[in-house]
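Dear colleague,

I am handing over the structure we spoke about, and below it you will find a short account of what was found.

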Amino acid sequence: MSIFTPTNQIRLTNVAVVRMKKGGKRFEIACYKNKVVNWRAGAEKDLDEVLQTHSVFVNVSKGQVAKKDDLTKCFGTDDLTEICKQILTKGELQVSDKERHSQLETMFRDIATIVAEKCVNPETKRPYTVTLIEGAMKDIHYSVKANKSTKQQALEVIRQLKESMEIQRAHMRLRLMLPAKEAKRLKEKLKPLLQVIESEDFDEQLEMVCLVDPGCFREIDELIRCETRGKGSLEVLSLKDVEEGDEKF
């Protein structure tokens with residue numbers, strides 16, 4: 001006695017499903033967990049690392065493969081790889097309530113961490129703790145959006161928190177004094193580390209006032225000391241908020 005197995009059924013396990021409705025029909029693709037988000041963020045470029053199979057399904061859990069005629073009618077092609085890309089890009093990732101809750105909790109923490117790293121209390125010039133930022137986000141009832149990056153949402157959180165607490169983006173304002181002989185060459189080396197050059201004055205030496213990310217301070221300090229053999233100098237003037245419109249981390 002032989003057991004009949006339908007040829008249009010494929011069984012898959014440990015799968016993340018991306019679903020898309022098109023032309024009144026439902027289509028699904030089977031992906032590896034966590035890889036869909038990586039693909040959409042641009043971190044994963046290899047489609048084979050994302051898809052468990054290049055097949056297109058009507059129902060992944062039941063292993064029912066979509067008919068070729070339906071694919072051609074709805075997508076205008078029967079190229080499975082191309083259709084998979086469309087579904088991967090535009091479809092809706094199906095996750096369990098538990099997975100979704102865990103993902104949102106992680107994103108909430110990540111957003112709070114970015115805000116804490118990038119901001120200070122403008123009065124004390126001291127950073128806020130992640131725990132305090134998390135508490136402030138809960139106070140304003142911030143709702144995490146799973147389809148937006150944590151960096152984008154951190155910017156939104158900063159805007160909203162400014163309405164209820166003293167917070168601003170932190171940049172150090174430095175005065176750099178560079179010997180005339182090395183000034184031009186050294187300025188080019190320093191440029192990638194400087195956010196904004198506020199002023200330049202060249203007399204016997206080059207004096208620059210600029211804004212930098214605090215994380216670059218040590219590198220700038222070492223560069224000036226090593227390249228000028230101690231003849232150049234660096235002075236911390238203050239911390240300053242980013243100009244309006246500068247919203248890149």
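Is His141 buried or exposed? With a relative accessibility of 69%, above the 50% cut-off, His141 counts as exposed. Please keep in mind while reading that this is a predicted model.

His141 lies in the loop that runs between helix H6 (130–139) and helix H7 (150–161), and its backbone has a positive phi of about 55° even though the residue is not a glycine. As background, most residues other than glycine have a negative phi.

Arg229 also has a positive phi, here about 50°, and is likewise not a glycine. Arg229 sits in the loop between helix H9 (217–228) and strand S12 (233–240), and with a relative accessible area of 72% it is exposed.

Turning to the packing of helices, H5, which spans residues 97–118, packs with H6 at an angle of about 115°, the two axes being 8 Å apart, and the crossing of H5 past H6 is right-handed. On the H5 side the contact is made by Phe108, Arg109, Ile111, Ala112, Thr113, Val115 and Ala116, while H6 contributes Val130, Ile133, Glu134, Met137 and Lys138.

Definitions and conventions. Residues are numbered from 1 along each chain as its sequence is written. This is a predicted model: local features need pLDDT of at least 70, side-chain atom pairs count only at pLDDT 80 or more; totals for chains, interfaces and linings use all residues. Side-chain values use heavy atoms; hydrogens and water are left out. Helices (H or I, at least four residues) and strands (E, at least two) are DSSP runs, numbered from the N terminus. Buried means under 20% relative accessible area, exposed over 50%, partly exposed in between (1.4 Å probe, protein chains only). Axes are lines fitted to C-alpha atoms, for helices over the stretch in contact, and angles run from 0 to 180 degrees between N-to-C directions. A crossing is left-handed if the near helix is turned anticlockwise from the far one by less than a right angle, and right-handed if clockwise. Contact means heavy atoms within 4.5 Å.
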